[in-house]
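Q: I would like to learn how to read the packing of helices and the pairing of strands in a model. Can we work through one case by case?

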Amino acid sequence: MSDPIKTDVLIIGAGPVGLFAVFELGLLDIKAHLVDILDKVGGQCAELYPEKPIYDIPAIPKISAQGLVDALMEQIKPFGPQFHLNEMVESIERTGEPGFRVTTDGGKVFECKLVVIAAGGGSFQPKRPPMPGIEAYEGTSVHYAVRKMDAFRGKKILIVGGGDSALDWTLNLAPIASHLTLLHRRNEFRAAPDSVKKMMALVNEGKIDFVQGQVTGLEGANGQLTAANVKGNDSSTFHIACDTMLPFFGLTMKLGPVANWGLRLEEDLIPVDVSTFETSEPGIFAIGDINTYPGKLKLILSGFHEVALMSQKAHRYVYPEKKLTFQYTTSSSSLQKKLGVS
Amino acid sequence: MAKITFIDPTGNARTIDAEPGSTVMETAIKNDVPGIEAECGGACACATCHVYVDEAWREKVGGPTPMEEDMLDFGYDVKPNSRLSCQIKVSDELDGLVVRTPERQA
């Protein structure tokens, strides 16, 4: 475990709403760190639909999702937010009134006054492929990620998919597997062309097999996989013997550890007070798609509004002695100073 | 209006009036057609609105774009007539279209 990182606010989720929280909190002199499970900022905007246009951001008739994320990053620059990507918050423990100790799966520890949950639809996690009965093999023979490569030494591996993860692990595990088969629906790949070239070279050298088809079922017992039933593109059916399968079917959003943080939930959403966006736990806020209240709309613009009100209440916690004077960025010289424009 | 018929894996058919300009996925969701999930909301970012286009309509509907093909990699029992229904725009030309929903979505 590393030394605890101290901050006023820890924001969980670096999607558009989490990013804008940096801005509104920053105007009130509140510093923030952000944690996100993805390897990049922007949440769904960056992961699911970066090229898609958004038409309902006030005063911006049209902007791509990635464009919005880039613009938000530019807007929050003056406040020097610190990002912790590729990390998932596992636990939140109350240490004061308010005060929290937050731990990630990567072993980082944050000591913060407040927690702001901006987790959208939850955390992005590997998707379970639509293969009947796969649950029975998960964790034993079926793995969605490679934590320690050595665990795969000497295994008869079946990798399913055609993206970068599938190809990268094909190349990395080929030297240590007893046998490796890559199975993909077609002979075109989403993965980087260079990886595909390297993979085809291994096939030509007879080091691995590449098979076109789709898994229709799994064979084995007691969590131990013995083979995958496959339908080929010519509708033929056959088996691929394997004791380990790594399916890479993209990412999906799951509520994840949010459910374990002791918050009141309603249908996997976090109910909040609409004047402060505080949850049932004083000092923990929820903004954006993850929260619920009467009339809630899952819109980015609603999230932005929630951020502004949340920040007012956050100020009362972080600076209980200070009176908060409402100011406009247009006219306030002190706000402009913080933005670096005066 | 264009009529679209959705047939589920058990053979149950339902015909719905679809608005030209909307997508086949939107038509299904608006009318609570079971078997279409549309997890990503129509961004061509998942494969949970997968349908099979009736053979008679395949030529008119056309094939998937490369981006759609990428997403179909995540589908279950993908066939040559597979499409993502969020990527099929309803038009008067498609009046009478027949699609089948798969046994399961991704």
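A: We can start with a pair of helices. Two packed helices are described by the angle between their axes and the distance between the axes. In this predicted model, helix α1 (residues 16-27) of chain A packs with helix α3 (residues 65-76) of chain A at an angle of about 20°, and their axes are 9 Å apart.

Q: How are α1(A) and α3(A) oriented to each other, roughly parallel or roughly antiparallel?
A: Angles under 35 degrees count as roughly parallel. The angle here is about 20°, and α1(A) and α3(A) are therefore roughly parallel to each other. Their crossing is left-handed.

Q: Which residues in α1(A) and α3(A) meet?
A: From α1(A) come Pro16(A), Leu19(A), Phe20(A), Val22(A), Phe23(A) and Gly26(A); from α3(A) come Leu68(A), Val69(A), Leu72(A), Met73(A), Gln75(A) and Ile76(A). By class, the residues of this contact are 10 nonpolar, 2 polar and no charged.
An α-helix has 3.6 residues a turn, so residues three or four places apart point the same way.

Q: How do α4(A) and α5(A) pack?
A: Helix α4 (residues 164-173) of chain A meets α5(A) at an angle of about 40°, with 10 Å between the axes. That makes α4(A) oblique to α5(A). The crossing of these two helices is left-handed. On the α4(A) side the contact has Asp164(A), Leu167(A), Asp168(A), Thr170(A) and Leu171(A), which meet Ser195(A), Val196(A), Lys198(A) and Met199(A) in α5(A). The classes in this contact are 4 nonpolar, 2 polar and 3 charged residues.

Q: Why does the length of α5(A) agree with what it should span?
A: Helix α5 (residues 193-204) of chain A has 12 residues, which at 1.5 Å a residue should span 16 Å; its end C-alpha atoms are 16 Å apart, so the two agree. After α5(A) comes Gly206(A), with a positive phi near 75°.

Q: Now the strands. What is the order of strands in the sheet of chain B?
A: Strands of a sheet pair through backbone hydrogen bonds, either parallel or antiparallel. In chain B, 5 strands form an open sheet with mixed pairing, in the order β2-β1-β5-β3-β4. Its edge strands are β2 (13-18) and β4 (82-84) of chain B, each of which pairs on one side only. From one strand to the next, the twist averages 35°.

Q: How do β3 and β4 of chain B pair?
A: Strand β3 (residues 50-53) of chain B pairs with β4(B) in the antiparallel sense, over 3 bridges. Tyr52(B) has Ser82(B) in β4(B) as its bridge partner.

Q: What does a hairpin in chain A look like?
A: Strands β13 (residues 214-221) and β14 (residues 224-231) of chain A pair in the antiparallel sense over 7 bridges. Opposite Val215(A) stands Val230(A) in β14(A). The hairpin of β13(A) and β14(A) has 2 residues between the strands, and Asn222(A) takes a positive phi near 50° there.

Q: Which backbone features should I look at in the loops?
A: One is the cis peptide bond between Glu97(A) and Pro98(A), with omega about 0°. Pro98(A) is in the loop between β6 (89-96) and β7 (99-104) of chain A. Another is Asn86(A), a residue other than glycine with a positive phi, near 60°. Asn86(A) is in the loop between β5 (82-84) and β6 of chain A.

Q: How many residues does each chain give to the contact of chains A and B?
A: Chain A gives 12 residues and chain B gives 11 residues. The side of chain A that touches chain B divides into 4 nonpolar, 4 polar and 4 charged residues.

Terms used: Residues are numbered from 1 along each chain as its sequence is written. Chains are lettered from A and ligands numbered from 1 in the order in which they are written. This is a predicted model: local features need pLDDT of at least 70, side-chain atom pairs count only at pLDDT 80 or more; totals for chains, interfaces and linings use all residues. Axes are lines fitted to C-alpha atoms, for helices over the stretch in contact, and angles run from 0 to 180 degrees between N-to-C directions. Helices (H or I, at least four residues) and strands (E, at least two) are DSSP runs, numbered from the N terminus. Angles under 35 degrees count as roughly parallel, over 145 as roughly antiparallel, 65 to 115 as roughly perpendicular and the rest as oblique. A crossing is left-handed if the near helix is turned anticlockwise from the far one by less than a right angle, and right-handed if clockwise. Two residues are in contact if their C-beta atoms, placed from the backbone, lie within 7 Å. Ala, Val, Leu, Ile, Met, Phe, Trp, Tyr, Cys and Pro count as nonpolar, Asp, Glu, Lys and Arg as charged, and the others, Gly among them, as polar. The expected span of a helix is 1.5 Å times one less than its number of residues. Two strands pair if DSSP finds at least two bridges between them.
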